[in-house]
Amino acid sequence: MKITHPKDFWSGLLFMAIGAFALVYGSKYTIGTAARMGPGYFPRILGILLLLFGGLIAQRAFRLKGDPVPAWKWRPTLLVLGSVVLFGAIVKPLGMALSTVILIVIASAASHEFRAKEAVIAGVLLAALAVGVFVVGLNLQLPIWPGQD
Amino acid sequence: MDLIGHLVTGFGVALTPINLLYALVGCLLGTLIGVLPGIGPVATIAMLLPTTYALQPVSALIMLAGIYYGAQYGGSTTAILVNMPGETSSVVTCLDGYKMALKGQAGAALSIAALGSFFAGCVSTVFVAAFSPPLSALALKFGPAEYFSLMTLGLIGAVVLAHGSLLKAITMIILGLLLGIVGTDVNSGVARFDFGIPELSDGIGIVSVAMGLFGFAEIVTNLESTEVRELVARKVKGLLPTWAQFKLAAPAVLRGTGLGSILGILPGGGAMLASFAAYAVEKKLSKHPEEFGQGAIQGVAGPESANNAGAQTSFIPLLTLGIPENAVMAMMVGAMTIHNIQPGPQVITSNPQLFWGLIASMWVGNAMLVVLNLPLIGIWIRLLTVPYRLLYPAILLFCAIGVYTVNNTSFDVMQTAAFGFLGVLFVKLEMEPAPLLLGFVLGPMMEENLRRALLLSRGDPFVLLTRPISAGLLIAAALLIVIIALPNIRSKREEAFQEEPT
């Protein structure tokens with residue numbers, strides 16, 4: 001038996017894993033009866049369906065033909081998502097201005113055309129814009145500088 | 001006739017200065033993101049949803065709706081000038097629109113696209129106004145069993161007409177339903193799948209799901225490829241099409257409008273499907289099909305009218321049944337819920353101002369777009385010359401600020417990043433995120449209606465099949481699956497989507 005459709009194989013496994021997790025983790029919610037559905041009734045149906053359909057998708061990966069799963073380039077994923085997570089963590093303590101510059105510089109580094117100087121300039125300009133529009137203009141409750149929290 | 005009176009009410013709401021302003025903001029933003037590749041209406045609406053908290057519900061919806069149909073106008077500009085669809089619904093416009101631009105007819109292509117869209121927008125607005133009242137009157141008679149079956153049909157229909165593997169899409173819906181019921185169960189008060197995190201007991205926010213799966217994932221995927229965009233026409237001269245072009249385009253606009261209006265109502269329909277279908281029809285009907293792909297003006301006029309008509313009529317199922325048929329409408333459900341409006345057939349009677357105001361605003365918005373779009377083309381072109389390496393960090397910033405301000409917690413930002421990661425994984429494994437989003441917004445409603453239906457039947461699941469309307473809806477859903485699974489229809493369906501680059 002050879003896996004001829006890797007995308008289906010892995011997505012099937014992913015569905016099955018989530019379904020199994022929903023059943024195991026959700027086992028603490030009472031099922032109730034059909035007439036009086038408890039909080040665990042609908043999630044169990046969904047968990048079982050996910051297991052079942054995930055299994056169908058995974059098994060057909062041995063029959064159908066498909067392209068391999070494209071390689072994961074980690075740099076864009078890590079830097080783009082990382083810059084956003086970092087922004088969420090530092091925007092309160094450091095304020096909007098600095099956090100914006102940091103987000104822009106880190107996120108820009110995800111591109112293969114990254115130019116450090118340009119990214120810093122863009123960061124400063126966008127920080128001014130973001131402070132002007134969101135903090136001053138829309139009056140969002142966010143500090144501008146560190147220590148204003 | 002009632003219709004006139006209702007429309008008068010609607011225009012009374014839509015023409016107030018504040019709502020005119022929000023319609024304008026929505027249309028301009030929509031055109032902007034339509035022009036810019038790499039961000040679509042779903043991510044934009046997610047980004048702006050938090051800023052609408054303070055607005056009147058009707059102003060908020062008018063602005064968000066403007067983003068959707070504004071994007072149809074903007075998307076065509078990019079398709080014609082850069083050969084890159086700003087939106088998926090403009091994919092087919094690239095085929096002939098770009099060829100026209102190469103021949104120096106960019107102006108004619110752009111103006112035909114805009115005028116066709118405007119015409120389609122006017123007709124489909126009337127369509128929405130005429131169709132909605134009877135449909136919601138019908139839906140008001142539905143009990144929980146019928147509603148559950150209707151949602152099933154809506155969800156199945158939505159994936160049948162989408163592309164990709166049917167089985168995978170249905171499984172994505174189920175996953176969406178599961179994500180949708182995270183949080184406190186309204187009946188028992190039990191917090192489900194909250195992992196002890198207090199933020200999760202309110203459920204997963206739609207802003208996080210949509211922005212992660214549609215916004216962040218798209219940016220990451222774009223960065224993985226190293227594509228170059230090239231602008232063909234920096235200066236667009238001669239906006240007016242010739243009389244000969246006009247004569248060719250006019251019937252195509254009419255057909256596109258009709259087709260788009262009908263396809264827009266179907267589950268899974270909306271702008272994208274409408275444009276593909278219209279292109280296929282124009283090619284079939286043309287006496288010179290060989291001109292298609294070489295700069296045939298019908299190939300621009302038909303799909304561009306159709307995508308705008310479809311964008312507008314896809315509001316019908318949302319406004320009358322409360323059922324979103326595509327990812328953008330799912331966002332509108334989120335927006336209505338945030339403003340404490342339960343989408344469904346009761347909206348038209350309980351919130352007539354909102355209902356008719358929104359419909360009238362579509363006509364107003366279309367008028368604004370056609371007036372603004374052509375003179376502003378110079379600005380849009382300049383925007384296109386901004387390199388992506390400068391663009392995406394800015395988009396990311398606005399997303400991050402938007403999602404942070406939902407609850408002013410960093411938890412939402414982390415959650416969105418997690419969905420971004422999941423979104424990239426979905427792209428790698430060819431799993432469509434749109435069905436997931438539909439399931440996500442319908443999850444709680446579906447559980448509630450199933451619960452009520454089974455309570456009324458004392459636990460007999462066959463109530464879904466013994467009540468005639470419910471049974472009919474379920475049979476229709478089953479038939480859809482069977483028909484699509486038939487081998488030769490399946491190949492036809494794949495053929496219909498073959499024009500789309502992957």
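Two residues are in contact if their C-beta atoms, placed from the backbone, lie within 7 Å. The exercises below concern a predicted model, in which local features need pLDDT of at least 70, side-chain atom pairs count only at pLDDT 80 or more, and totals for chains, interfaces and linings use all residues. Residues are numbered from 1 along each chain as its sequence is written, while chains are lettered from A and ligands numbered from 1 in the order in which they are written.

**Exercise 1.** Determine which residues Ala400(B) is in contact with, leaving aside its neighbours within four places in sequence.

*Solution.* Step 1: from chain A, the partners are Val84(A), Phe87(A), Gly88(A) and Leu103(A). Step 2: from chain B, Val413(B) is in contact with Ala400(B). Step 3: Ala400(B), together with Ala210(B), Met331(B), Leu396(B) and Leu437(B), touches the most other members of the largest nonpolar core, which has 218 residues. Such a core is a set of buried Ala, Val, Leu, Ile, Met, Phe, Trp, Tyr and Cys residues joined through C-beta atoms within 7 Å. A residue is buried if 20 or more other C-beta atoms lie within 10 Å of its own, exposed if 12 or fewer, and partly exposed in between.

**Exercise 2.** Describe the side of chain B that touches chain A.

*Solution.* Step 1: the contact takes 51 residues from chain B and 56 residues from chain A. Step 2: the elements of chain B that give two or more residues to this side are α8 (166-180), α9 (206-224), α17 (388-407), α18 (410-428) and α19 (433-456). Helices (H or I, at least four residues) and strands (E, at least two) are DSSP runs, numbered from the N terminus. Step 3: α17(B) provides the largest share, 10 residues.

**Exercise 3.** Is Phe193(B) buried or exposed?

*Solution.* Step 1: Phe193(B) is found in the loop between β2 (191-192) and α9 of chain B. Step 2: its phi is near 50°, a positive value in a residue other than glycine. Step 3: Phe193(B) is buried because 20 other C-beta atoms lie within 10 Å.
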